[in-house]
Each structure stands twice: as structure tokens, then as C-alpha cells.
Amino acid sequence: MPNALRKPWVGIALIAAVLVVAPLAVGASLGNAWVRVLDFAALYVMLALGLNIVVGFAGLLDLGYIAFYAVGAYLYALLCSPHFGIHWPVWAVLPLGALVAGIFGVLLGAPTLRLRGDYLAIVTLGFGEIIRIFLNNLNTPVNITNGPQGIARIDPITLFGQPLSRPLEFLGVGFSGVMLYYYLFVVLALGIVFVGIRLQDSRIGRAWVAIREDEVAAKACGINTRNVKLLAFAMGASFGGISGGLFAGFQEFVSPESFSLLESVMVLCMVVLGGMGHIPGVILGGLLLTILPEIFRQGAGPLQQALFGTVVLDPEALRMLLFGLALIAVMLYRPAGLWPEPRHRSEYKQ
Amino acid sequence: MTVLLEARRVSKHFGGVQALKDVSLSINAGEIYGLIGPNGAGKTTFFNVLTGLYRRDGGEVVFGGTPLRLSSPHQVAQAGIARTFQNIRLFANMTALENVMVGRHLRTRAGVIGAVVRGRGTRAEEAAIRTRAQQLLHYVGIGDSANRVARHLSYGDQRRLEIARALATDPKLLALDEPAAGMNATETAALKTLIEGLRADGLTVLLIEHDVRLVMGLCDRVAVLDYGEKIAEDIPANVQQDPTVIGAYLGGAA
């Protein structure tokens, strides 16, 4: 018993140590650009975990998920920038972003309750595009979003009087801005992981999975499928809203082009590649799909230079090519994802 | 003897096809009531109308003294009618235990905040759900399979699991749609024992079944549907002698 008790704590302590040291080690060895990549990895993990509730748990295919990220980001941008001259504190804006994104989730969910699969995917895809196009065009007659130019000079996230964009010296160790953001993002991502795990193993989580498995049977079991599906949309969307707010504060700039369909597809890929419905798998998917493309982008050019003496293929094009090949390989050889829930593995092996 | 469920002139049509035509029947509390008829007679349609999967076009259903409005399936389940399906519909990738735990959804309350905070109340509720689900699995005789994934269970056990899941909603009326379909003689005999046990424990059972021997041996009363109309309702011995019923099954001049 003491052994069984101690073991998980050893693992948790190890993970915690790695998470704490990672930005310092990466910053010292590879530079702050790579710490920035870690920041984005944490943001995308949050997004993937949010989408996992909708797609992985409740089985509702959503191709417009990035819209909720956009809602959170623009809400932060409007409430914390000189655009309207409003400067709300972050602790008020982030929960509000979660709430507003959740409401948008219900707005998307309500008309699509009777749709499933392909049909739902098409409607959600349209919804994502509508939000982006709105953001692009809401600069006339009243300038709300500043159109394609986006909103600039957004306030950085400030905690305890310390703007996270500014370096900080603490216990003799120098932390750059991207490192401070990293710690905030990781803490919030862990919070979202915690909420996700608790929800999965609960009455609500079981109802989501029941709907995914067989909606008619779920209804016959007394599940109010309408409310439970709307709840899934709202929960998933609110996670997206929080990460959107963080994104806006981190970049200090938002514009509609950050919220294209490709972004929705990327987040969906993270969920599917990692292992739909399996939280550790989804985290892995989010990390891999943020960090690996970055390695290709930065590594492909110098590598070709060294091998052939010239750059044969544009690194950007090569990155998408390799990404596509990797997707095909995973779908062929590990159709349930890289790290699926153990009991789902055999499903695809017949 | 009190009437638990009364259907009055229930009708349903799909386009030009009259699937149910003024079907009236009443089920007494504590009895096993059989619903039989040739293929396409409207038995499953009646089930689906009763449990809210289809909207009825006319007529009314009174359950436990209160009229069931045109309601959705979860409201019917809330009122106390649980069902199984002709082609088994389990949550295939969940364990047997989880399947039954889903059945408790209706009688429990924990929401998102409860799930995340997991306070004492939620933990107690969750433990109660688990205990009850385990009891029900034992009750239907598959207690040892609690942690097996539903789709890996044998056919007969899947039928039993579906019954356990239905029982988890604390029904007053359990509606079974062809529970013996595809079962061998041994499994059918065991099913018969199970259904008799349900009645002994005070449950009312509505049974659609093709296996005439099972129906005749099990049911207190039987109704016969043919082309969407009720052509007989009586104790099994009388129904078997009824010339209209014989005609419906054998295609005679009825």
C-alpha cells in the first residue's frame, strides 16, 4: 500500500519539476523563441482539451471551434486596449471571456441539436467562418473590431502589478516575459486538465459518452439530450474563450486572420491524432502538433544547406508536406490516435 | 386491481400507412402483459409511441393516473416507463457497470460544479450510483462482468445488461421489445425466470415477443395487433382459441 500510494506522487513531482525547469532550460539553450513555442503549446493544449469535450466525449464533430478562441481573444482585446479606452483587469476579463464564449457555444449548439456527423461538421464550419467574417467586417458603420487591421496595443496580462511581458528577477534567477507567460499558461492548462478529468468521471461525463455511443438509447435512459449536448458545447467553448483571452494578452495584437478554418482543423487534428476522448492523448497531440512543425520550420533550412549546399525545398512547404504525411501515417497505423483510451484500441483492430 | 397504464384510441401513421389505428389497451399494475402480432402489425410502433420516440397522431395515454402528454423520451422515463430495444442498443464502448450507471442519470442530480468540486454530496451520490448499478448487475445475473466492455459481452448477457440499465431508472413499467429474439432455448428459459422475478418484485412488464410459447407461459394477459389494430385482448388460453387471431397468423378467412 505505501508503495502504491507513493508511486503516483513520484510521477507528479517529476512532471512538476520538468514543467518548472523547462522554460529556463529551453531559454538558456535554445533562446526565448523556443520558450514562445512552449507558450503556444500550452495554449493549444487548452484548446484541444476544450474541443475534446465536444468531439471526444459527446461525439459532436465541430469544425468551427476556433470561433470560440476568437470570441475570447476579441473580448480581451476590446476590454483591455486603447481601442475603446477600456482597461479591465485580467481576472475580470478571462472569466467573462469564458462566459461569453460559453453563450456562443449554446448559440451554435441550439440550432444544430438534431444534426450529427457530416451535417453537424458543415454547420459548425459555417459558424466558424461567420464569426471570422464578422470580425473582418465589423468596422463599419460603427468601428467595433477595427476590421482586417485588427486591434493593436492590447494590454499585456498583468498579475500582482507585474506585467508578464516585462522580465522579472526572482531569487537571483532572471525570467523573461515569455517565461512568465509560460508559467501562467501551464497553471491554467493544468486547471483545465483537472476540470476535464473530473468531468469525464462524473454523471455529466457519462451522459456525454452515452450520447456519443447511442443517442436514442441515451434518451430512453432518461437523459435530456438537448440540455446535455448544449452543456458540452458551452463547456468546450468556454475553454476556448479562456485560451483566446490569454492569446490576446500574450500577443498584444489580434486580427481576424489568426482565426481561420485551418486553425480549427489543426485543433481537431490534435484531438484526433492524440486519441479522441483520452485526455493524456489529447495533451500529447497538442504538444506534438505545436512543437514538431516548429522544429521542421527552423531545422529544415539549415539542414538542407548543410547537405546540399543550398535550400532545395522551401521549409514552409516542406513543413506542410511532412505534416500531411505524418497525418496519413498515423491514420493508417494508429487509427485510434497515438495514445488512445486503452479500451478503444481494439475497436479498430478487426 | 389498479390500472397502471391505459392507452386510449392511440393512432400513428407514416405518410399513407396507418401503423396504429385507435389502439386501446390497459395494463394492470403487477401483471405481465404481452403484445403479439404478425410482422409489421405495429407492435414496435406502439412501443415507440408509448416511450416518446414517435409522436402519436391521436389518442391519449394515461400512466399511473396522470395523462402522459406528447412528451420526449426522457420525460417518459422520468414518469416511470423504461424500455429495451429489439436490436440491442447498449453504449458499446462503456463497461457493463458504466452502462447501468448511465441509467441512474435520471434519479441523480450532480451537475458540472458538483463534478468539478466533488464535494461530500457528490461523492456520496456517485458511490450510491455505483452500488446500485452493481446490485442491478447481480440482479440480472451478470455481476461478474461489471468491468467488461459492453460489446464484448455475449448476446444473452447484452440483453440482460439492457434490462439492468432500464431497471436503473427505477421504472414502474418495464417495456421489453422482443427480449428473447435470437436467444437459444437455455437463454430463453433463463430470461423467463428473470422476468418472473421482476414481477415477483412488484414490477409491471409489457412484453413484445415472437416466441409464442414464452408469451403464453409468461403473460397474464395478451393483446394481439394486426395491421395496426387490436384484434384481441384476453388471457393467453382464450387468445389462443380466438378465431380472429388464428386467422391473422395463418391468413385464414377472418
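Four bridges join strand β3 (residues 32-36) of chain B to strand β9 (residues 221-226) of chain B, and the two run parallel. Strands here are DSSP runs of E with at least two residues, helices are runs of H or I with at least four, and both are numbered from the N terminus. Two strands pair if DSSP finds at least two bridges between them. Across this pair, B:Tyr33 stands opposite B:Arg221 in β9(B).

A word on the model comes next. It is predicted, so local features need pLDDT of at least 70 and side-chain atom pairs count only at pLDDT 80 or more, while totals for chains, interfaces and linings use all residues. Residues are numbered from 1 along each chain as its sequence is written, and chains are lettered from A and ligands numbered from 1 in the order in which they are written.

Now step back to the sheet around β3(B). Six strands of chain B form an open sheet, in the order β6-β7-β8-β3-β9-β10. The pairing is mixed. At the edges lie β6 (81-83) and β10 (229-234) of chain B, each pairing on one side only. From one strand to the next, the twist averages 20 degrees. Angles run from 0 to 180 degrees between N-to-C directions, and axes are lines fitted to C-alpha atoms, for helices over the stretch in contact.

Helices lie across this sheet. Helix α7 (residues 185-200) of chain B lies across β3, β7 (173-177) and β8 (204-208) of chain B, at about 150 degrees to β8(B). Helix α10 (residues 243-250) of chain B lies across β9 and β10 of chain B, at about 130 degrees to β10(B). Contact means that the C-beta atoms of two residues, placed from the backbone, lie within 7 Å.

Chain B has another sheet. This open sheet of four strands has the order β2-β1-β4-β5 (chain B), with antiparallel pairing. Its edge strands are β2 (17-28) and β5 (66-68) of chain B. Here the twist averages 25 degrees from one strand to the next. Strand β4 (residues 58-63) of chain B pairs with β5(B) over three bridges. There, B:Val61 stands opposite B:Leu68. Helix α1 (residues 43-50) of chain B packs on the sheet and touches β1 (3-14), β2 and β4 of chain B.

How do the chains meet? In chain B, 30 residues are in contact with 25 residues of chain A. On the side of chain B that touches chain A, α2 (73-79), α3 (96-103) and α4 (112-117) of chain B each supply at least two residues.

Now turn to chain A. Helix α10 (residues 261-274) of chain A has 14 residues and reaches 20 Å from its first C-alpha to its last. Its buried residues include A:Val267, A:Leu268 and A:Met270. Buried means 20 or more other C-beta atoms within 10 Å of a residue's own, exposed means 12 or fewer, and partly exposed lies in between, with C-beta atoms placed from the backbone. The buried residues of α10(A) pack against α2 (32-57), α3 (66-79), α5 (117-137), α11 (279-308) and α12 (315-333) of chain A. Just after α10(A), A:Gly275 takes a positive phi of about 135 degrees.

One more residue deserves a look. A:Val186 is found in helix α6 (residues 177-200) of chain A. Why does A:Val186 count as buried? Because 20 other C-beta atoms lie within 10 Å of A:Val186. Leaving aside neighbours within four places in sequence, A:Val186 is in contact with A:Leu19 and A:Ala42.

Terms used. Expected span 1.5 Å × (residues − 1).
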